[in-house]
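Thank you all for making the time this morning. I would like to walk through one chain, from its overall dimensions down to a few individual residues.

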Amino acid sequence: MKRRDTLKALSLSSLGMAVLPTTDLVAAPPDPKPFKTTPARIPEEIERDKKIMADKFLTPAELATIGILADIIIPAEGKSGSATQAGVPAFIDFIVKDMPQYQTPIRGGLRWLDNHSTKRFGKSFAGITPKQRIEIVEDIAYPDDVKPEFSHGAAFFSQIRNLTVTGFYTTRMGFDDLGYMGNTPNDWQGVPQDVLDKYGLKYDPIYDKKD
Amino acid sequence: MNLFEIKEQPKVYDVVIVGSGAGGGMAAYQLTKAGAKVCLLEAGGYFDPADPKYITQLKNPWESPRRGASTRTRPFGDFDAAWGGWDIEGEQYTAMPGTQFRWFRSRMLGGRTNHWGRISMRFGPDDFRRGSMTGIGDDWPTSYEDYAPYYDKVDRLIGLFGTKEGIRNEPDGIFLPPPKPRLHELMLKKAAGSIGIPVIPSRMAMLTKPINDSRGACFYCAQCGRACQAYADFSSSSVLCIPAAKTGNLTLINNAMVREVLTDPNTGLSTGVSYVNKLDLKEYSIKGKIVILAASTCETARIMLNSKSPRFARGLANDSGVIGKYLNDSTGASRSAFIPALMDRKRYNEDGVGGMHVFTPWWVDNSKLDFPRGYHIEYGGGMGMPGFGFGGGIERVNGLFPDRNGNKKKAGGYGVALKDDIRRTYGAYIGMAGRGEPIPLESNYCEIDPNSVDKYGIPTLRYHYKWSENEIKQAKHMQDTFEQIIHAMGGIPMGRKPDASNNYGLAQPGEIIHEVGTVRMGNDPKKSALNGWQQAHDVKNLFVVDAAPFVSQGDKNVTWTILASSWRTSDYIMEQVKAKNI
């Protein structure tokens, strides 16, 4: 099969049609929220994800604080939206159930943060002003320059930063922010000439051979 | 009513094959094409990369609630084609105290070919005679010349890209055009070349040009690990098993967990296999005139060791006692780096094929080194698709470069500046991994655990595996080389350099998933289980066509050699049947 035929076949089948809600066109038992997880699962994976999604771990208050932190880490600006606009808290809510090793550090880290905030400003992190929040974040956001009394807060902040960055950049909004252009059928013809020129590189003539 | 009745199929197949990976798939393909009635048993479910119900290719990370993170069932990520993993519910294994082995399995049609990196290298002439060349290890009973015509046939049937390089111990094949290197790969070639380390086009089983009407050409999504719906890469399901089924001569039985090979107590010949159907949990048996095991290096050894009878008290075809011994996996060590010159890159789609477009074959003369075997280097990097873990550890990188105004800044941070750092460093990382040849040792083995059965009641494996100084020294050399290449690129190595305290980052045995050697070939029946045709010395209608027969593994990922040797054995079987020898 020639590449262009493959591309055509792909665009007609899995690429184009997969997004159509074909299952909604047939009579189905009334299920207000059809279960949705990663495509192409084996039965034991579906069972596991169903259980994870039905479980609760983080409380609404904890998720609200995570949302505040996530938007401090990834705010909306000229190029793209914020972490909460990209759905990061829901992602973190899932991932701490999927990866239980996160549960104690995240819950404990949030408690550290609220305790510190209360000592310093009389209220939990969610209850203080945006300016006060930034004062705390400045103390825990730079792990190589952190005062010893903030080391636990810094470890927690690095963890939340990593989850937030991953949660944001693995969305359409994140792809667009980054300028990721792949995950689509194409015909790789090498690095663009202007990029080769910029780096002073060129291709070996073996790559010009067609067979 | 007998609850534990064994359901016996009256039909006698010409051949019963256990396992549908590279070796079993190739034997099924060759033998069904030749007209034999073949029964293929696979311990896992059906899989077809082109069937939408199995497709994860071209899905976006947000279609996974965990954004493609790994799970117990898919240790290489939620979108990986292969299910199974290191730790399968109810299919446990153990290791002797002080030793370790990690056993990766893919329970599905095509087996571990659904996972592998498609790196397709021939063994070289030296790889078959390391014992006599170096005085350590053993020679194969066969030579490169025995496999060369079959490597050619595999190249033509399955297809791979590469370039003719004329390197003596890296034999050239019949290659499709290689994809052009990505930017970081051009930089790697230049940097490594400047310090005498060769970087050449990789040799991988993706179709950069179409080779027939049943498979498409690569469309460069970098997702071979998710299985290709266009069949543009090699996996045993799409290229061998499904075409074998189309001959009408194949009976495929999925979810068949083989318990043992059955033998005739009078002749000692194999008569078929017994298995547990994983769906109804009942016991079945299948009769065959010839039995071929291709269940994977360790599973094949397990089946043979579990096939005990008064005539084969040590396990089937194990009068030598060698089965399970000489288990060996590739060495592996890796390092990553941040490359400041790759910051602020122009964006374009550089996904390419699934994996590296260039690699480094072994290049050093061992007589100048303190270890006896070599390794190759695989490279990673580029503006890949973000998935779980993306941006992780930015605080270890963004203090290494100044801001846009040239001011030094603190590592970590948040907000608009952090977003800018993520964009600026995107595509500015590289990774490299060594994959080397270990010395197969009799003291590294798997055996039947006397105290443990799996959930089907089949006795499980217990491992005994320790690296020797040879492999540890090789890993040290890898780490030194990685830093030299990184520095030649102007890069900054990430993390602390692995050292003696952690065996120089040497992966645990089994982790590289290149294990071979448990049912070794040889000319001496006292020291080997199979002859040079992968035929049991003690049972002439029993063959092994996975990597269990391999005496050693070179530093070449072994799949291409499994395919070539399985084809060669299939031809031998047909000749022997015609000559009425079996």
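Let me begin with overall size: a compact globule of 582 residues would have a radius of gyration near 25 Å, and chain B, at 24 Å, agrees with that, where the radius is taken over C-alpha atoms and the globule rule is 2.2 Å times the number of residues to the power 0.38. This is a predicted model, in which local features need pLDDT of at least 70 and side-chain atom pairs count only at pLDDT 80 or more, while totals for chains, interfaces and linings use all residues. Residues are numbered from 1 along each chain as its sequence is written, chains are lettered from A and ligands numbered from 1 in the order in which they are written, and side-chain values use heavy atoms, with hydrogens and water left out.

Along its principal axes, the C-alpha trace of chain B spans about 85 × 55 × 50 Å. The chain has nine helices and 18 strands, these being DSSP runs numbered from the N terminus, with helices (H or I) of at least four residues and strands (E) of at least two. Of the 582 residues in chain B, 65% are buried, meaning under 20% relative accessible area with a 1.4 Å probe, protein chains only.

Now, what covers the buried residues of helix α7 of chain B? This helix, residues 415-425, has eight of its eleven residues buried, among them Leu418(B), Asp421(B) and Arg424(B). Their cover includes α3 (60-73), α7 (151-169) and α8 (172-178) of chain A, together with β11 (331-338) and β14 (429-436) of chain B. Just after α7(B), Gly427(B) takes a positive phi of about 80°.

Strand β14 of chain B holds Gly434(B), which counts as buried because its relative accessibility is 0%. Leaving aside neighbours within four places in sequence, the contacts of Gly434(B) include Thr331(B), Tyr375(B), Met478(B) and Phe482(B), a contact meaning heavy atoms within 4.5 Å.

Finally, Ser552(B) is found in the loop between β18 (542-544) and α9 (559-578) of chain B, and, at 3% relative accessibility, Ser552(B) too counts as buried. The side chain of Ser552(B) makes a polar contact with that of Trp140(B), at 2.9 Å; such a contact is a pair of N or O atoms within 3.5 Å, of which, within protein, one must be able to donate a hydrogen and the other to accept it, and residues adjacent in sequence count only if both atoms are side-chain atoms.

Notes:
Buried < 20%, exposed > 50% of the residue type's maximum accessible area, 1.4 Å probe, protein only.
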